[in-house]
Amino acid sequence: MSETRDEASTAYCFACSRTNPLSLGMKLWLDGERCHGRFTPAEEHCGWSGVTHGGLLFTALDETMANWLWLQSMRGFTARCEVRYREPVPTGTALELEAWKIDGRRRLVTLGAEARRADTGAVVAECEAHFMISAD
């Protein structure tokens, strides 16, 4: 692990806060050119009995990509994203997430990400997204 987000800037983050009681509790860090994350969906994260809600899988992927930017001192917003869900994820299944840069032009950066089961390494979801970089 090389870099992580500071606590003050993420106090209320829905995905990674350690103080927000509604947070998903994701852990994220930058290692070289890749952002890595961990997330274990709980029972209350299901869409239907025992299966993680797809919207939360998207949230985990989106957060990992946004942190790729954040941890390199860039700020951006998701402009467009396409997600491919490969298999259902039972709640309680630990996930490893990874995001990387595909392309970048001026204020538009294209990132890719995937979520893998920690126990089997199977890819459960993957995406590609465009982020608009903030001028601030």
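Ser73 is exposed, at a relative accessible area of 66%; here exposed means over 50%, buried under 20%, and partly exposed in between, with a 1.4 Å probe and protein chains only. Ser73 belongs to the loop between helix 1 (54–70) and strand 5 (76–85), and its phi is near 60 degrees, a positive value in a residue other than glycine. Helices (H or I, at least four residues) and strands (E, at least two) are DSSP runs numbered from the N terminus.

This is a predicted model, in which local features need pLDDT of at least 70 and side-chain atom pairs count only at pLDDT 80 or more, while totals for chains, interfaces and linings use all residues. Residues are numbered from 1 along each chain as its sequence is written, and side-chain values use heavy atoms, with hydrogens and water left out.

Arg106 also has a positive phi, of about 45 degrees, although it is not a glycine. Its loop lies between strand 6 (95–105) and strand 7 (108–117), and Arg106 is exposed, with a relative accessible area of 88%. Most residues other than glycine have a negative phi.

## Arg75 over Trp70

Arg75 lies over the face of Trp70, at 3.6 Å from the ring centre. The criterion requires NZ of Lys or CZ of Arg within 6 Å of the ring centre and within 35 degrees of the ring normal.

## Cysteines

The whole structure contains zero disulfides, a disulfide being a pair of cysteine sulfur atoms within 2.5 Å. For Cys81, the nearest cysteine sulfur is that of Cys127, 4.1 Å away. Cys81 is partly exposed at 26% relative accessible area, whereas Cys127 is buried at 9%.
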